[in-house]
Amino acid sequence: MVRDFSADVVVVGTGVVGCLIAQQSLDAGLSVLMLEAGPRVDRWRIVENFRNLPPSLRLFHWNAPYPPKPWAPHLETRTTKEQEQYLQLEGPNARAYLQGYVRYAGGATWHWAGICWRITPEDMRLKSLYGVGRDWPFNHDTIEPYYTRAEYAIGISGPSDPTLQWPTNGKRSRPYPMGPIPFGPGEHRFTEAAARIRMINLPAPQARNSGVAYDGRPACCGNNNCFPVCPIAAKYDAATALPKIEAKGGKILANAVVYRVETGEKNSIEAVHYFDPDRRSHRVTARLFVIACNGIETPKLLLLSKDERNPNGVANSSDQVGRNMMDQPKLTAELELREPLWTGVGPVQSSSILNTTQGEFRSRHAGAMFRMENFARSPLGAAAALKKGLVGKALDAEIRRLSACTARLTVEHEILPSANNRLTLSGQKDWLGINKPSIYYDVGDYVRQSAREYTVPRLQQLAAELGATKFQLSPQFLNSDHIMGGCIMGTEPATAVVDPDCRAHDHPNLFLPGGGAMPSATASNSTLTMTALALKAADAMTNQLRHG
Amino acid sequence: MEISRLLVSHRLNEEVGRRMSVAMAKLNPSLAQQIDGLLSIARGKNARVVEDFFDDVPDGPLKETALAIISAWYLGVITDAPDAEVFAYEYALMYQPTRDVMTIPSYAISGPNGWTDQAPPLSDMPEF
């Protein structure tokens with residue numbers, strides 16, 4: 001039978017995972033079609049959107065410069081009412097799943113911090129070592145070469161000095177492609193203060209060009225605007241991959257909202273169906289399909305696609321699709337200090353404390369990553385000084401003092417996978433008539449115990465060491481935008497959605513790479529690990545297609 | 001601009017000032033009268049800077065308007081709300097008192113890795 005495929009490989013989603021897989025597939029001689037729910041945009045447009053936001057939306061409302069299209073809704077936070085429109089969140093920690101991803105071509109890397117930690121060998125063996133959570137189905141030696149390829153693919157700058165590297169016990173097969181980004185005054189002071197109480201603040205490996213151009217993108221010049229957008233693309237974002245994909249013959253269809261995955265005989269994937277902005281449906285076929293539209297949109301699409309062969313959703317014979325939703329539950333502390341810290345020099349994040357993520361205590365409570373935030377605090381200092389009714393020289397002096405002598409500290413906890421933290425299809429429909437995602441989230445006692453006995457006391461010690469005169473803890477856990485677990489990886493089809501190559505157990509020609517596959521959340525940013533998994537999946541896919 | 005220059009002793013962009021005063025007058029029909037009131041207090045004290053006359057401004061609408069004008073120059077908006085018109089970002093004065101250290105986000109004044117971990121004293125104040 002002659003089969004006329006739209007492409008060898010169809011990739012749903014143009015974020016970092018989808019784009020890396022597209023590039024690897026093209027390099028292997030395969031044809032690629034990418035489907036993106038949202039629009040293509042120019043960088044200058046996002047920068048102008050940002051600069052024209054009022055001050056209260058320029059910080060913390062990272063989606064504000066990215067107004068969604070009606071057919072590709074994502075979280076908007078300008079008002080509480082707006083916030084409740086798309087993600088239907090429930091549970092004691094609903095607030096901690098208010099995930100700010102971007103349904104635009106390029107995905108959430110448009111506004112990520114760019115921090116690229118590797119996980120540790122212990123992070124991959126929580127069950128064996130500590131009796132909690134799940135083990136990864138392979139060890140650190142297996143993922144290490146993929147980490148290396150990921151670091152070179154997106155351009156990571158990091159320290160060559162092994163005493164500053166993380167994990168401390170991990171082997172690196174190649175140096176970082178670029179040297180570390182220098183600290184500003186705040187990070188320098190923070191590092192010294194933290195060291196006095198055995199919290200080691202390390203320079204973060206980051207997807208920011210350090211001192212040199214890389215891969216056609218310029219070096220970081222300290223715009224301090226990494227979120228919501230790097231004005232010059234010194235920070236990697238997947239939008240920069242799109243023209244490269246097209247140059248190699250890849251096709252990208254924007255404003256194409258995939259709403260159904262179609263299965264056929266032997267339960268192989270036959271096609272995906274998408275709506276265009278006129279609400280017309282189109283059908284696209286391929287030899288192999290990759291769904292990489294992030295940890296919420298991918299399980300949502302699989303559940304939407306239930307059919308007679310797959311009554312619980314595509315790829316869901318395990319009933320794990322949409323379960324085990326994870327992120328790093330976050331707490332923040334606002335400090336006022338006796339002496340200046342000075343943020344706003346260099347990138348918005350450039351370092352973290354990770355030695356607090358590891359230890360025997362993980363059998364009892366979560367480990368956590370600590371950091372200071374390095375965004376410029378000038379607008380916060382100004383707003384606070386103006387509220388005091390000051391004028392003239394006194395106003396200027398107080399703006400300077402409150403900008404320099406305040407800080408935000410952040411702690412992100414490791415959550416365990418729980419079947420009850422679950423994404424399902426809400427009864428509410430979006431503009432296209434597609435069910436909005438509903439997510440139930442409870443950070444669990446493992447995290448709450450950590451906050452009570454470990455992380456909040458450590459935050460207070462850190463604050464004291466910095467000379468804090470005021471300390472205000474966030475009243476509840478917050479989101480860290482690292483969406484994981486909804487298509488969890490494992491060797492057993494009964495308890496996992498994907499295999500060690502992120503191939504769906506139920507469908508040999510369907511791959512679900514990304515944060516959703518991660519069996520442990522760890523306490524650190526997930527993107528580099530997702531990227532490594534993308535490259536591992538790409539190897540498996542290209543082998544599979546080449547050898548039948 | 002006369003009242004602005006008396007309330008805010010810094011370099012002010014006239015175009016920004018014109019646009020803000022038009023928008024403020026729409027929100028506050030008494031603006032012109034209140035500005036006259038403030039000017040007459042200032043002239044009564046031979047004021048050259050805000051400290052010369054601000055203590056003599058009575059609490060109530062006059063003081064509120066004076067503070068609103070100052071706030072608009074510093075924040076670049078009249079009210080800081082989601083759909084607010086933005087009159088200034090790069091030239092909003094709120095960034096100026098720390099301009100020697102803190103970048104105005106998206107307006108880097110540096111070059112590749114062009115910064116250090118040293119900061120000037122808190123007592124310094126940039127000229128603006």
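These legends go with several close-up views of a predicted model. Residues are numbered from 1 along each chain as its sequence is written, while chains are lettered from A and ligands numbered from 1 in the order in which they are written. Local features need pLDDT of at least 70 and side-chain atom pairs count only at pLDDT 80 or more, but totals for chains, interfaces and linings use all residues.

**View 1. Here is where chain A meets chain B.** On the chain A side, 49 residues are in contact with 38 residues of chain B (contact: C-beta atoms, placed from the backbone, within 7 Å). Several helices (DSSP runs of H or I, at least four residues, numbered from the N terminus) of chain A each supply at least two residues to that side, among them helix 2 (43–51) and helix 7 (185–196). Helix 11 of chain A gives the largest share, nine residues.

**View 2. Now for the largest nonpolar core.** This set has 207 residues (buried Ala, Val, Leu, Ile, Met, Phe, Trp, Tyr and Cys, joined through C-beta atoms within 7 Å; buried means 20 or more other C-beta atoms within 10 Å of a residue's own, with C-beta atoms placed from the backbone). Helix 13 (residues 527–546) of chain A brings the largest share, nine residues.

**View 3. Zooming in on A:Val12.** A:Val12 is one of the residues with the most contacts inside that core. Skipping neighbours within four places in sequence, A:Val12 touches residues including A:Leu35, A:Val258 and A:Cys293.

**View 4. Last up is chain B.** Chain B has four helices and zero strands. Its C-alpha atoms fill a box of roughly 50 × 35 × 25 Å along the principal axes, and 37% of its 128 residues are buried.

Note on methods:
Contact = placed C-beta atoms within 7 Å. Buried ≥ 20, exposed ≤ 12 C-beta atoms within 10 Å, placed from the backbone.
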